[in-house]
Every structure is written in C-alpha cells, then in structure tokens.
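This report describes selected features of one structure, in plain terms. Please look over the sequence and the model before reading on.

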Amino acid sequence: MNQFRQGDVLIERVNEIPNEVKNALQPSKEPNKLLIRGESRNHGHYIKGEVETYVIPNPEIEKLNITHYLEIKEEASLEHINIDSKLWSKEHETLRLKPGIYRVIRQREYNPYLKAINIIKD
Amino acid sequence: MTSPEIEKIKEDLIAFGFNEFDDYTKNLSVFSQKEPNKLVEKIYSLFNLPTPEIQRAKNPYHFQLLINEVKENGNFNIGDKIQKFWIDLHANQLKDLTEKGTIYTTLAKTANNTFLSSFQNISWLVEEQIKSRLKPQNIGYTPFQSSFTFDQLGIFWLRKFYQLKFGIPLTETQKLFAEANIFWCYCTENYFVYCPHPQTIVLDENNKLHHETGAAIKWDKNFELYVWRGIEVSKDLITQPQNITKEDIIGERNAEKRRIIQEKLGSERFGHLLGLVELDKDVDLQGNMQYLYRTKEFDTIAKDFLYFAKVSCPSTGRIYFLSVPPGLNNVWDAVAWTFGKDKESYRPIIET
C-alpha cells in the first residue's frame with residue numbers, strides 16, 4: 001500500500017472508492033482544488049491535475065480520519081501553497097501522484113483532558 | 001530582449017523591492033505621522049470633486065468602525081468620479097511593454113514571489129485580527145479589496161522600478177497617492193477615511209513578521225500583533241513566557257502554536273515544564289530522531305499520564321510535540337496513531 005506524507009496529510013493508494021462514497025457524493029473535477037487549509041498560516045494542500053475529488057462530509061475522526069477520495073486520471077501533484085499568492089509555501093515539497101485511487105487522511109492528536117481526538121491544525 | 005538580460009532585470013527588481021521594503025520599515029516613525037489632507041484635496045480636485053470630509057483612523061480596527069459609520073449614515077455613494085479615480089490610480093502604463101513581450105508578466109511574477117508576498121502576509125494577519133474583533137460584535141467587515149490596500153504600496157514600488165528602468169511615468173494620481181503614503185483608505189464622493197501606517201513593523205530574515213520580545217506590528221496600544229515567524233501568538237507568550245504553564249501548553253490545540261511555545265521556551269524548558277520521561281525513540285527515513293515521551297507525574301486533571309510524540313518535519317526540520325493516547329510504548333505506534341494507523345500499517349514511502 002503506497003503512502004505519501006505531506007505535513008499533516010497522508011495520501012494512501014487504495015484499490016477502489018467505496019460504493020457508499022461513489023453513490024452518495026458527486027465528485028469535483030476542479031483542476032486545482034484546495035483539499036486541506038492550514039489554520040495558522042495562510043497555506044493549503046492543493047491537488048492539481050486531472051482528478052476527481054470526493055469530499056467526505058463527516059470524516060470519522062475516531063477511526064481513520066479520511067477527508068477525501070481522489071481518482072487521479074493522469075499524473076497529478078499535491079502542492080503546499082500560499083492561498084492568496086498561489087505560490088509554493090516553501091515548507092513541504094510537492095508530491096507527484098501516479099494515476100490511481102487514493103484516500104486522504106488528515107493527522108489528529110489526543111486531548112487528554114477532554115479524552116477526545118482533535119484534528120491537527122497545521 | 002535576451003533571456004540573460006531579463007534575468008538581470010529580475011535581479012535588479014528584487015534588490016530594488018527589498019531595498020524599498022527595508023527603507024519603509026526603517027522610516028515608519030515618519031510615515032505613521034503623515035497627514036495626507038492636502039494631497040487628498042489635490043487628488044479630489046483632479047477629478048472635479050470638492051474636498052471630502054477626511055477621517056483619520058487610529059488603527060485598522062478603528063478604520064473598519066469608521067467605514068461602518070460612513071455606510072450607516074448613507075454616505076456609501078462611491079460615484080462615477082471616484083470610479084475614474086480608481087481606474088487612473090490602477091492605470092497600467094505597461095501595455096506597450098506587454099505587447100512587445102512578456103516582460104511585465106515576468107517581472108510582476110518576480111515581485112509577487114518576493115517582496116510583494118511579504119506585504120500580503122502582513123495584510124492577511126492584520127485582516128484576520130480585525131475580523132476576529134468584529135465578529136463577536138456583529139459588525140460587518142469591509143474587505144480591503146474595494147479600497148486601496150497596503151499590498152499596493154509594493155505595487156507602487158514595482159511601478160517606480162518601471163519608471164527608473166524603462167522611463168514609464170506614473171500618472172498624476174499615482175504620484176500624489178504614493179506621496180500621501182497611506183496604509184489603507186476607503187473613499188466616497190464626500191468621505192475619505194484612511195488608516196495611517198503602523199508605528200512598528202519588525203520582520204525576521206525571511207521578511208516574515210517576527211518579534212521575540214514585543215509586538216511585531218503596532219499602531220497603538222489598542223492594536224498590536226504579537227507574531228512569531230509569521231504566526232500570531234498570545235501577548236503573554238512573547239512578553240511573559242515565564243508565566244506559561246503546563247495547562248497553557250496542553251490547552252493549545254494548534255500544533256503549530258504549541259511548537260512555537262516550545263521554540264520560545266526552548267525544548268529543555270518545555271520538556272522540564274511538562275516533566276517528560278523518554279519511553280522510546282527511533283530514526284525516521286530522513287535520519288531524524290523521533291521520540292515517545294510521557295510526563296513524569298500523573299496528571300490529576302487528565303487522570304492519567306500525558307503522552308507525546310516528538311517528531312521532526314522532514315521538510316522544515318521543525319520539531320512538533322503531538323499529544324497521543326496514554327499506554328503507548330512504541331514511537332512508531334504513536335506516530336502512526338496520529339494518522340489512525342499502527343506501526344505495521346503506517347509506511348509512508350515519501351515524506352515532505
């Protein structure tokens with residue numbers, strides 16, 4: 001199982017998009033789509049290329065925090081860029097992703113006081 | 001123009017832009033005191049407009065409140081003449097150059113990539129601060145896109161460069177506006193509301209807002225931002241780090257800000273404050289050591305020990321302390337857990 005990590009985002013190659021996702025969601029075909037927006041910096045992880053993106057409305061943070069499924073038609077790139085200027089943030093190198101199905105998993109951490117799991121805010 | 005010639009112009013532009021930026025930050029005590037009233041009168045007269053009522057804001061937040069007052073009083077009439085003024089202010093005298101080649105586009109991109117992006121980051125932080133103050137009061141926010149923005153001071157430098165390099169003159173409006181040197185303004189036919197420049201801007205070596213002991217950007221005591229390498233943090237962290245407690249660290253949910261607390265306090269003090277015991281360590285693909293720690297003492301609020309994975313970002317080398325569930329004893333299980341996995345199923349082949 002191929003996995004690629006860019007900061008607080010893990011991209012994992014999988015065999016297929018689950019039927020419940022395909023049947024319930026309409027994919028976005030935006031060629032330059034913001035997947036995850038960082039909160040303390042004006043940066044985000046963008047997927048660029050011929051990609052169908054399924055946005056999971058309520059990720060199961062307690063289990064596997066899957067935020068998106070990607071169906072990459074032709075080699076695409078995951079870029080970490082400044083949201084305003086659309087320039088590389090100079091923080092995380094670009095990842096090249098070959099055609100295939102991938103899922104996007106967002107990093108999380110444990111809050112020992114609330115006994116809860118929180119999304120990492122990069 | 002040959003490619004090496006264009007490269008040379010790009011280098012000149014970057015040097016020119018950063019030089020202007022440097023001069024600007026060093027001369028803020030002068031700029032922040034400027035009263036542009038006479039220049040505003042001149043600009044309005046160029047467009048056959050009577051002298052407007054000029055209002056000087058104390059800071060960007062006050063600027064927003066003044067804009068709202070103007071709007072609430074029904075003086076929202078931008079008017080055709082003001083529209084002409086904006087068109088003239090943003091006139092692109094570089095059309096001929098653009099037609100000859102792509103020099104303008106190339107140089108604008110270069111500016112964007114360098115000194116202009118420093119302005120954009122400053123504007124963004126200030127705007128976020130204003131929004132966070134306006135929201136609880138249910139006061140509308142007027143985006144600065146509809147007015148003159150601080151970013152455009154950098155664009156004037158770009159125009160100034162073109163004037164020096166290619167002899168392309170500024171319009172009269174542009175000259176007057178550059179001379180007025182306003183941080184932000186909002187204007188209608190009858191009102192001209194402006195925000196002066198801040199008294200202080202402190203940047204790090206990468207031109208990001210950064211001040212280790214004070215406000216990185218400040219208008220007055222009511223509007224100052226404490227910023228660590230481009231990220232806004234609490235005033236207490238900067239001015240009274242000795243008062244930071246274990247609860248402050250654990251209570252900070254933002255990993256980047258928690259990392260800043262660690263950087264500000266230093267890893268040793270950070271660890272000492274938390275009283276950590278090393279449980280496991282190993283080297284990652286990039287040769288960085290990763291650690292699993294737990295607190296020495298049982299935490300009576302959490303009713304358990306606190307566990308942390310100390311990981312290095314492979315691209316930036318920054319160290320992050322991530323809180324993980326109690327009971328783990330393997331560093332890779334801890335790191336994998338943050339992605340909902342265990343050490344067997346967490347195997348990234350590339351990390352950036």
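## Pockets and cavities

The largest pocket holds about 680 Å³ of space. The model is a predicted one, and the values given here are computed from it. Rolling a probe the size of a water molecule over the atoms shows where empty space is left.

Which residues lie nearest the centre of the largest pocket? They are A:S89, A:K90, B:N121, B:N206 and B:K208, out of a lining of 30 residues. Helix α8 of chain B, residues 115-134, gives the most to this lining, with six residues. By class, the lining of the largest pocket has 15 polar, eight nonpolar and seven charged residues.

There are also five cavities of 30 Å³ or more in the structure. The largest cavity has about 140 Å³ of space. Its lining is made of 14 residues, and those nearest the centre are A:R5, A:G7, A:D8, A:Q107 and B:Y320. Two elements of chain B, β11 (307-312) and β12 (319-324), are the ones that give two or more residues to the lining of the largest cavity. Sorted by class, that lining has seven nonpolar, four polar and three charged residues.

## Domains of chain B

Chain B is divided into two parts: domain 1 covers 3-197 and domain 2 covers 242-337. How far apart do the C-alpha centres of domain 1 and domain 2 of chain B lie? The separation is 44 Å.

## A helix with a buried face

Helix α10 of chain B runs over residues 172-180, and its buried residues are B:T173, B:Q174, B:L176, B:F177 and B:A180. Seen down the axis of α10(B), these buried residues fall within an arc of 165°, so they line one face of the helix. Just after α10(B) comes B:N181, which takes a positive phi of about 50°.

The next features are strand pairs, one in each chain.

In chain A, strand β10 (residues 108-111) pairs with strand β11 (residues 116-119) in the antiparallel sense, over four bridges. One residue pair can be picked out: A:Y110 has A:I117 in β11(A) as its bridge partner. The two strands, β10(A) and β11(A), form a hairpin with four residues between them. In the turn, A:K115 has a positive phi of about 50°.

In chain B, strand β9 (residues 276-283) and strand β10 (residues 289-295) run antiparallel and are joined by seven bridges. Here B:D282 stands opposite B:Q290 in β10(B). The hairpin of β9(B) and β10(B) has five residues between the strands, and B:G287 in this hairpin takes a positive phi near 85°.

## Single residues

Two residues of chain B have a positive phi although neither is a glycine, B:N48 and B:N138. The table sets them side by side.

| Residue | Phi | Place in chain B | Relative accessibility |

B:F192 is in strand β3 of chain B, residues 191-195. Its relative accessibility is 1%, and buried means under 20%, so B:F192 counts as buried. B:F192 and B:I54 are 138 residues apart in sequence, yet their C-alpha atoms are 4.8 Å apart in space.

A:N42 is in a loop of chain A, between β3 (32-37) and β4 (43-48). At 5% relative accessibility, A:N42 counts as buried. The C-alpha atoms of A:N42 and A:E52 are separated by 25 Å, and these residues are ten apart along the chain.

Conventions. Residues are numbered from 1 along each chain as its sequence is written. Chains are lettered from A and ligands numbered from 1 in the order in which they are written. This is a predicted model: local features need pLDDT of at least 70, side-chain atom pairs count only at pLDDT 80 or more; totals for chains, interfaces and linings use all residues. Side-chain values use heavy atoms; hydrogens and water are left out. Buried means under 20% relative accessible area, exposed over 50%, partly exposed in between (1.4 Å probe, protein chains only). The arc is that of the directions from the helix axis to the C-beta atoms. Domain bounds come from an automatic or database domain assignment. On a 1 Å grid over the protein atoms alone, a cavity is a set of points where a 1.4 Å probe fits but cannot get out, and a pocket is an open set with protein on both sides within 12 Å along at least five of seven lines; lining residues have an atom within 4 Å of a point. Grid points are joined across faces, edges and corners, and a volume is the space filled by probe spheres set on the points. Ala, Val, Leu, Ile, Met, Phe, Trp, Tyr, Cys and Pro count as nonpolar, Asp, Glu, Lys and Arg as charged, and the others, Gly among them, as polar. Two strands pair if DSSP finds at least two bridges between them.
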